[in-house]
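Try each task before you read its solution.

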Amino acid sequence: NDIGAIYQDLKEYDKALEYHLQALAIREKADTPQALTTSQVNIGHVYRQTGRYAEAEAILTKALATAESIEVK
């Protein structure tokens with residue numbers, strides 16, 4: 001996840017998305033809902049920054065649902 005954030009700061013969005021998606025897969029397997037929410041939000045931000053608004057909305061909606069289900073603000 002941190003590697004994805006670094007690439008995101010460098011505006012290398014393809015690499016950022018690659019690493020954020022890897023982090024998401026790991027967090028899904030580890031069953032860590034709060035960390036899963038963080039990955040979903042990070043992916044949503046990359047989608048937003050690259051103009052992929054429908055995809056951003058979809059994953060951010062999932063992030064919101066995950067956060068609400070575990071009562072994380």
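## Exercise 1: a charged pair

Arginine 52 and glutamate 55 join their side chains in a salt bridge, with 2.7 Å from N to O. A salt bridge here is a side-chain nitrogen of Lys or Arg within 4 Å of a carboxyl oxygen of Asp or Glu. This is a predicted model, in which local features need pLDDT of at least 70 and side-chain atom pairs count only at pLDDT 80 or more, while totals for chains, interfaces and linings use all residues. Residues are numbered from 1 along each chain as its sequence is written, and side-chain values use heavy atoms, with hydrogens and water left out.

**Task.** Find how many salt bridges the structure holds, and classify the accessibility of arginine 52 and glutamate 55.

**Solution.** 
1. The structure holds 1 salt bridge.
2. Take the classes: buried is under 20% relative accessible area, exposed is over 50%, and partly exposed is in between (1.4 Å probe, protein chains only).
3. Arginine 52 has 33% relative accessibility, so it is partly exposed.
4. Glutamate 55, at 35%, is partly exposed as well.
5. As background, side chains of opposite charge can pair when their charged atoms come close.

## Exercise 2: the length and sides of a helix

**Task.** Check the span of helix α2 (residues 13-30), then work out where its buried residues lie. Helices are DSSP runs (H or I, at least four residues), numbered from the N terminus.

**Solution.** 
1. The expected span is 1.5 Å times one less than the number of residues.
2. The buried residues of α2 are Tyr13, Ala16, Leu17, His20, Ala23, Leu24 and Arg27.
3. They lie on the same side of α2, because their arc around the axis is only 125°, taken from the directions from the helix axis to the C-beta atoms.
4. Those buried residues pack against α1 (2-9) and α3 (33-49), where contact means heavy atoms within 4.5 Å.
5. On the face turned away from the buried side sit the exposed residues Asp14, Ile26 and Lys29.

## Exercise 3: positive phi

**Task.** Which loop holds lysine 11, and which holds aspartate 31?

**Solution.** 
1. Lysine 11 is in the loop between α1 and α2; its phi is positive, about 65°, although it is not a glycine.
2. With a relative accessible area of 59%, lysine 11 is exposed.
3. Aspartate 31 is in the loop between α2 and α3; its phi is also positive, about 55°, and it is not a glycine.
4. At 62% relative accessibility, aspartate 31 is exposed.

Technical notes
Helices (H or I, at least four residues) and strands (E, at least two) are DSSP runs, numbered from the N terminus.
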